[in-house]
Amino acid sequence: MELPFVNDYRRLNQVERQHALRGEFMARKAIPIGPNILALIEDARIDLARAALAVREGENEPDFALPDNPSDLTDDGAVEAFRLDLIQTLSEFDQDELRPAEQRSRRIRALADGKGVTSLTTIVDQQLDDAQSQEFDRQPDQLCRSIWTYLNARETFEDAESFHFARQFREHGKLYDAFEVELENHVALDATAIDEVVLAAKIKGVLELKPEISCTVKALDLPATETHPASIMLIVRHGRCRARTLGWVS
């Protein structure tokens with residue numbers, strides 16, 4: 001059965017439709033879809049939006065059984081109708097069921113706007129091979145590049161998220177401890193000089209993690225900016241909690 005707001009939507013002009021997809025119209029109809037999912041459906045190339053919304057990261061997440069992509073992605077009418085079909089399908093689920101997809105959509109959009117864009121491209125430039133980089137560059141806009149990375153290079157996407165969060169904390173000023181070293185013994189370092197395996201083992205020992213709990217370290221070179229020198233960022237991930245411990249060395 002078709003939802004009432006879909007029929008209402010079809011009677012709107014183009015400007016009203018844009019507001020509707022952003023929730024200004026549909027919010028009055030109390031649909032459960034969050035603003036980030038709606039923005040993905042409205043703004044992204046529709047095949048990428050569908051692929052991102054179809055992701056399930058656990059058995060507890062529902063299978064949305066999304067409709068298949070339109071056969072011709074250049075047919076504006078078919079694409080618009082498909083966007084409505086996605087909204088119709090997802091509106092059959094409640095907010096709790098949609099929450100993981102809403103959170104994923106928010107993460108994707110965070111790396112497609114403002115400093116999130118440079119955070120993503122900085123890590124992509126370091127980690128993707130030539131073929132992947134070309135495919136990344138072929139995406140039509142920043143949102144599609146973020147979705148493509150999430151779908152095809154998940155670890156790179158997550159490292160870009162970590163970089164993005166670290167950049168935000170760096171802007172707060174000196175939130176770290178400092179110590180002195182003997183200048184005559186200083187050593188120039190870059191990310192390749194960090195023994196990630198040895199450092200992860202040391203951190204695991206200091207945190208007294210059980211053997212079955214994983215701990216990994218990744219070192220990334222951060223380029224110099226107008227306000228910060230070139231740095232090395234360390235991303236520490238361990239199984240005790242889902243949060244990441246981030247640090248950087250100038």
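Contact here means heavy atoms within 4.5 Å. The model is predicted.

Q: Which residues does I108 touch, not counting residues up to four places away in sequence?
A: I108 is one of the residues that touch the most other members of the largest nonpolar core, which has 45 residues. I108 is also among the buried residues of α6. Beyond four places in sequence, the residues that I108 touches are L40, A52, L143, S146, I147, Y150 and F157.

Q: Which residues does the second, separate core include?
A: Besides the largest nonpolar core, with its 45 residues, there is a separate core of 7 residues. Among its members are I203, L209, C215 and V236.

Q: How many Å apart are the end C-alpha atoms of helix α6?
A: Helix α6 has 16 residues, 95–110, and at 1.5 Å a residue it should span 22 Å. The expected span uses one less than the number of residues. The distance in the model agrees with this, because the end C-alpha atoms are apart by 21 Å.

Q: Where is the kink in α6 centred?
A: The bend is about 30°. The kink is centred on A101.

Q: Which backbone nitrogen does a side-chain oxygen of D94 reach at the start of α6?
A: The oxygen belongs to the side chain of D94, and the approach is to within 3.2 Å. The backbone nitrogen reached is that of D96.

Q: Is A65 buried or exposed?
A: A65 lies in the loop between α4 (46–53) and α5 (76–90). Its phi is near 50°, a positive value in a residue other than glycine. Most residues other than glycine have a negative phi. The cut-off for exposure is over 50% relative accessible area. At 58% relative accessibility, A65 therefore counts as exposed.

Q: Which backbone oxygen does the side chain of T122 reach?
A: T122 is in helix α7, residues 115–127, and counts as buried because its relative accessibility is 18%. Leaving aside neighbours within four places in sequence, T122 is in contact with F163 and P223. Its side chain reaches, at 2.7 Å, the backbone oxygen of T118.

Note on methods: Residues are numbered from 1 along each chain as its sequence is written. This is a predicted model: local features need pLDDT of at least 70, side-chain atom pairs count only at pLDDT 80 or more; totals for chains, interfaces and linings use all residues. Side-chain values use heavy atoms; hydrogens and water are left out. A nonpolar core is a set of buried Ala, Val, Leu, Ile, Met, Phe, Trp, Tyr and Cys residues joined through side-chain atoms within 4.5 Å. Buried means under 20% relative accessible area, exposed over 50%, partly exposed in between (1.4 Å probe, protein chains only). Helices (H or I, at least four residues) and strands (E, at least two) are DSSP runs, numbered from the N terminus. The bend at a residue is the angle between axes fitted to the seven residues ending there and the seven starting there. A polar contact is a pair of N or O atoms within 3.5 Å; within protein, one must be able to donate a hydrogen and the other to accept it, and residues adjacent in sequence count only if both atoms are side-chain atoms.
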